[in-house]
Each structure stands twice: as C-alpha cells, then as structure tokens.
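Subject: Structure handover

Hello,

Here is the structure for you to take over. My notes on strand pairing and salt bridges follow below it.

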Amino acid sequence: MAATAQAAGAEPLEVWIDQDLCTGDGICAQYAPDVFELDIDGLAYVKSADDELLQDPGAATPVPLPLLTDVRDSAKDCPGDCIHVRRVSDKVEVYGPDAE
Ligand code: SF4
C-alpha cells in the first residue's frame, strides 16, 4: 500500500523515536516541545498527552493535529533519521526514514 503524505490525511497519527540513532542535537524538541524532550541521558523521547516522558523502547505517542506540521518537520530534519510518524490504524509510516 502506498503511504504518501497525502494519504495520511487527517487520520490519527502517532510518533516514536529510535534512541539508538538519536544524536541529541535537540532539533525535535525545538520544533515541537509539547511532543519531544531531551532527557538527562542527552537523548530525545516522546511525551504522553499529560507531559510524561515515555522511555520504553519504541514507545509511541499520539500526534496532536495542531502540531502535525511541527512533528512532520522534525522527522524531515532529524539528523539521526530516527523520528518515525505512522498511522495509528495500521502502523504504516507516513513521515520518517521508513516512509515510502
Ligand atoms: S532531531 Fe532526531 S537526532 Fe535530534 S534530538 Fe531529535 S530525535 Fe534525536
């Protein structure tokens, strides 16, 4: 199935970070501080809707629609290519290194 940005539409999306590849530059936390935050280990993590840092490997958090552009730009500009944005419904990546 093609997973273009347009196909993503207004479908619910979620985002997760592969910390193994994170460089810790903090670009994502600058673009979307409500979604991304650097922990004391110097790596970026996603945050839950109630602002809790999610540190389990592969932990995903919903992308708030008003922040979609910021999250998408974070994935595009992430130097580690490690921000993955996918559809909630079928887990197909729409922005990030594994997007088609
Ligand atoms: S932009 Fe990417 S590499 Fe940089 S801190 Fe965020 S997740 Fe890590």
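A residue is called buried when its relative accessible area is under 20%, exposed when it is over 50%, and partly exposed in between. Lys-47 therefore counts as buried, at 6% relative accessibility. Please keep in mind that this is a predicted model.

Lys-47 has a charged partner. Its side chain meets that of Glu-37 in a salt bridge, at 3.1 Å from N to O. The two belong to distant parts of the chain, ten residues apart: Glu-37 sits in strand β2 (residues 36–38) and Lys-47 in strand β3 (residues 44–47). Glu-37 has a relative accessible area of 33%, so this residue is partly exposed.

Next, strand β1.

Strand β1 covers residues 13–17, and five of its five residues are buried. In a regular strand, side chains alternate between the two faces of the sheet. Here both faces are covered, with Leu-13, Val-15 and Ile-17 buried on one side and Glu-14 and Trp-16 buried on the other.

β1 runs antiparallel to strand β6 (residues 83–87), and five bridges join the two. β1 also runs antiparallel to strand β5 (residues 60–62), in this case with three bridges. Glu-14 has a bridge partner in each of these strands: Arg-86 in β6 and Pro-62 in β5.

What else links Glu-14 to Arg-86? The two form a salt bridge, their closest N and O atoms being 2.7 Å apart. This pair joins distant parts of the chain, with Arg-86 in strand β6 and Glu-14 in strand β1, 72 residues apart. Both Arg-86 and Glu-14 are buried. As a general point, side chains of opposite charge can pair when their charged atoms come close.

The structure holds seven salt bridges. Another of them is formed by Glu-11 and Arg-87, with the closest N and O atoms 3.8 Å apart. Glu-11 lies in the loop between α1 (5–8) and β1, whereas Arg-87 is in strand β6; the pair is 76 residues apart and links distant parts of the chain. Arg-87, at 3%, counts as buried. A network of salt bridges links Glu-11, Arg-87 and Asp-90.

Regards

How values were computed:
Residues are numbered from 1 along each chain as its sequence is written. This is a predicted model: local features need pLDDT of at least 70, side-chain atom pairs count only at pLDDT 80 or more; totals for chains, interfaces and linings use all residues. Side-chain values use heavy atoms; hydrogens and water are left out. Buried means under 20% relative accessible area, exposed over 50%, partly exposed in between (1.4 Å probe, protein chains only). Helices (H or I, at least four residues) and strands (E, at least two) are DSSP runs, numbered from the N terminus. Two strands pair if DSSP finds at least two bridges between them. A salt bridge is a side-chain nitrogen of Lys or Arg within 4 Å of a carboxyl oxygen of Asp or Glu.
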